[in-house]
Amino acid sequence: MKAILVHESYKASTELITQEPQAIEQLSAVRNSTAACQLLLHDGNRNHYIIGDEFSIPDEIEIPMIRVEIFSELPVKAQFVDYYVGQQELAYADKLLERTAKTYPGDRFAPLYLEWQIDETIKPKVYPVKIKVYRAHLTSQEECLLEKNLTIEVGTFTFPKEYLETFHLNMWQQPSNLARTFDVPLWSDAHFDLIKEMAESLAAIGQKAITVIAGEIPWKGWFNYIVKDYPANLYEYSMVKVKKTPDGELSCDFSVLTRYLDCFFAAGIKDEIDVFGLLGVWEPPFFPLVNLDHPEKLVIRFYDEGKGAFGFINQKAELQEYLRQVFDYFKGKNLWEKVRIVSDEPKKHQIDSFRASLAVLKEIDPSIQIKAAFDKEDVLFELLPVIDHPVTSYYCTCNHYETLAQSHPGKMQYYVCNYPDKPNTFLHSPLLETRMQGILSYQFKTDGFLRWAYNCWPEHARSDIRYNTSSLPIGDLCFVYPGNHGHLLLSLRYKQLQRGIEDFYLLKTAQAAQPQQTDAVVADFLKVTDTKHWMIDSHHSHPDVFLQTAEEMEAFHRALLELLEK
C-alpha cells in the first residue's frame with residue numbers, strides 16, 4: 001500500500017501519470033482558519049476504505065478492508081473525495097463525502113481530505129499528527145501496513161472573525177433546481193430546510209447576494225429543451241404568486257419570497273438582493289414566448305379566480321401593476337436600497353429592447369438600481385451609462401478593469417463562466433485556479449467575484465454533472481453537490497475558494513499597511529501583472545500565465561503574513 005500526504009490543492013484523477021505527487025511532511029496554519037492536506041492511498045487493487053473505528057464490510061467480501069486512523073491533539077475531520085467524469089472521459093476527485101466507508105477501484109487514488117480546525121484558542125506551536133493504515137479481510141485480525149507522520153505549525157496570526165465581510169462573493173442560486181433534485185415539493189417545508197442549508201453553506205465562504213426569481217423561467221432552462229446530450233431540467237420558477245380577482249384586480253402573494261429572504265438573512269447574507277426575470281430575460285430559439293405588450297417577453301404567471309385557470313400577463317397595464325407591487329414589497333420591507341434588477345449577458349441585437357424595457361421600469365421608479373453581467377465589449381460600452389453595477393467577464397475585465405474602476409468605483413465585479421479556459425473553476429481546472437480568484441479580485445481592484453451557478457444540477461448530478469458539454473465545460477454548472485443523504489455536499493473547489501478569500505483579506509490588509517511591499521509580493525507571484533497580456537482572445541488565456549505551483553502559493557501566503565507581522 002502506498003500512502004502519500006499531499007497539498008490540499010492536489011486534484012486526483014484517472015489520468016495516466018509518470019510522476020509521483022509531491023509529498024509533504026508539514027503544514028502551516030493560522031488561527032480562525034484551518035490546516036488541510038490530502039492523504040492518497042493506492043496499491044493498484046480494489047479496496048474498501050474506512051475512516052476511524054467503524055466496522056464496514058464491502059459488498060464484495062473478498063476485497064481487503066483498509067482502515068485509516070488519525071491521532072491528533074487538534075480536532076480533525078477526514079472525508080473521502082468522490083470522482084466525477086470530466087473532460088476527455090477522465091475522472092476527477094472533487095465531491096467531499098460525509099460517509100466514513102467507501103470502495104475505490106484500483107485505477108485511481110483513494111483520496112482523503114484532512115482538515116484541522118484552528119480556532120483562536122489554539123496555542124501557537126508545533127503539533128504532531130500520526131496516521132496509521134491497517135488492513136484486514138472480513139473477520140481476520142488487522143495488520144498495520146504503515147504509519148505516516150505530519151506536523152502542523154500554528155502561527156501567531158489570527159484572522160478576525162469578520163474577515164469574510166471584506167469579500168463580496170456572489171454565487172447565483174438555483175432554488176427550483178434544489179427542490180427538483182431532492183425530490184421535494186417546490187416551496188414546501190422540506191424545500192425551505194434545503195434552502196436554509198444552502199444559505200448557510202454560502203455564508204461560510206462570504207456570500208453577500210441573494211438570488212430572487214420574480215419572473216418565470218428567466219433563462220428558459222439554459223436550452224435544456226433542445227440540448228439533449230445529457231438529461232437536465234434547469235427551469236427556475238418565480239417566488240411571487242399572482243392572482244387576478246373576478247373584478248380584474250391583480251394581487252401578489254409574497255409569502256414565499258419573504259420566507260426565502262428570511263433564510264438568507266438568518267445565515268447572515270443580507271447585503272444585496274439580485275432580482276431576475278424583470279429585465280434582459282433570455283429569448284432563445286424555438287422557445288414559445290408570451291405575447292406581451294412590452295419590449296421584452298417577460299413571463300408572469302397568474303391565477304384567474306374568475307375563470308378558475310392559470311394564464312400569463314399580456315397587457316402592459318397589468319405588467320406595470322405587477323412591477324409596481326414587486327417594487328412596493330421591497331420598499332415596505334425597507335430593502336429597496338439593496339435590490340438590484342439583474343440582466344444576464346444582454347446581446348447586441350437586444351440593446352434597443354433592453355433600453356426600452358429599462359425605460360418602463362424607470363417610469364415606475366427612477367431609483368431602481370440596475371446590475372448586468374457583460375460578456376461582450378461592444379454591448380458593455382453601449383449600455384454602461386445606464387448600468388449601476390457592471391459585472392464583466394474575465395476577458396472584459398482584463399482589458400477594461402481600470403476604466404470600470406474609475407467609472408463605477410466600489411460597484412464592479414468580474415466573473416468566470418464557460419470561459420476563460422484558465423484560470424477557472426471547472427471540474428478539470430487545477431484547484432489553485434479556484435483559489436486564484438481571491439488574488440484576481442484584488443488585482444482587478446474589485447471587492448469580489450461572481451459565479452453564475454452554485455447548484456444548477458443536471459438530472460443525474462449525484463453521479464454525473466455533464467450537460468451541454470460542447471458549450472459548458474464540466475463543472476461549470478455547480479460548485480457543490482446533492483448528497484444521497486438528503487443534504488448538500490461541499491467540494492474541493494469550495495475549500496479552495498475559501499482559501500482564496502483568505503488571501504484576499506491578507507492582501508487588502510497588507511496593502512493598507514505596506515502598499516509598495518504588497519505590490520512587489522503580488523508582482524513576484526503573478527509574474528505577468530499587465531492584465532491585457534493574460535488573454536489571447538475572449539476564451540483562451542496566454543499559455544505562460546497562471547502556472548503557479550502549490551509551493552509558490554504557500555510562499556506567497558507566507559510573504560503576506562510576514563508583511564502583516566512586521
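Leaving aside its neighbours within four places in sequence, which residues is Gly500 in contact with?

First, the ground rules. This is a predicted model, so local features need pLDDT of at least 70 and side-chain atom pairs count only at pLDDT 80 or more, while totals for chains, interfaces and linings use all residues. Residues are numbered from 1 along each chain as its sequence is written, and side-chain values use heavy atoms, with hydrogens and water left out.

Back to Gly500. With those sequence neighbours left aside, Gly500 is in contact with Arg435 and Gly438. Contact here means heavy atoms within 4.5 Å. The C-alpha atoms of Gly500 and Met436 are separated by 6.0 Å, although the two residues are 64 residues apart along the chain. Gly500 is buried, at 0% relative accessible area. Buried means under 20% relative accessible area, exposed means over 50%, and partly exposed is in between, using a 1.4 Å probe and protein chains only.

Gly500 sits in helix α9. Helix α9 has 22 residues, and from its first C-alpha to its last it reaches 32 Å, close to the 32 Å expected at 1.5 Å a residue. That expected span is 1.5 Å times one less than the number of residues. Since 16 of the 22 residues of α9 are buried, the helix is largely enclosed by the rest of the structure.

Next, the core. A nonpolar core is a set of buried Ala, Val, Leu, Ile, Met, Phe, Trp, Tyr and Cys residues joined through side-chain atoms within 4.5 Å. The largest one has 191 residues, and those with the most contacts inside it include Trp116, Phe264, Tyr394 and Trp534. Helix α9, residues 492-513, gives the most to this core, with nine residues. In soluble globular proteins, nonpolar side chains tend to be buried together. As for Trp534, beyond its neighbours within four places in sequence, its contacts include Tyr394, Leu440, Phe444, Thr529, His542 and Phe546.

Everything is placed on a 1 Å grid over the protein atoms alone: a cavity is a set of points where a 1.4 Å probe fits but cannot get out, a pocket is an open set with protein on both sides within 12 Å along at least five of seven lines, and lining residues have an atom within 4 Å of a point. Grid points are joined across faces, edges and corners, and a volume is the space filled by probe spheres set on the points.

How many cavities of 30 Å³ or more are there? The count comes to one. The largest cavity holds about 60 Å³ of space. Its lining includes Pro218, Trp219, Leu279, Trp282 and Ser343. Strand β19 supplies the largest share of that lining, three residues. Ser343 lies in this strand, residues 339-344, and at 0% relative accessibility Ser343 counts as buried. Away from its sequence neighbours within four places, Ser343 is in contact with Leu279, Gly280, Phe354, Lys371, Ala372 and Ala373.

The second largest pocket contains about 570 Å³. It has 28 lining residues, and Trp222, Phe223, Trp282, Glu345 and Lys347 lie nearest its centre. The lining divides into 15 nonpolar, six polar and seven charged residues. For that count, Ala, Val, Leu, Ile, Met, Phe, Trp, Tyr, Cys and Pro are nonpolar, Asp, Glu, Lys and Arg are charged, and the others, Gly among them, are polar.

Last, some backbone details. Most residues other than glycine have a negative phi, and most peptide bonds are trans. Trp222 is not a glycine, yet its phi is positive, about 50°. Trp222 lies in the loop between β13 and β14 and is buried, at 5% relative accessible area. Phe286 also has a positive phi, about 70°. Is Phe286 buried or exposed? At 75% relative accessibility, Phe286 counts as exposed.

There are cis peptide bonds to point out as well. One joins Tyr419 and Pro420, with omega about 10°. Another runs from Lys422 to Pro423, with omega near -5°. Pro420 is in the loop between β22 and α8, and Pro423 is in the loop between β22 and α8 too.

Methods:
Helix = DSSP H or I, 4+ residues; strand = E, 2+ residues; numbered from the N terminus.
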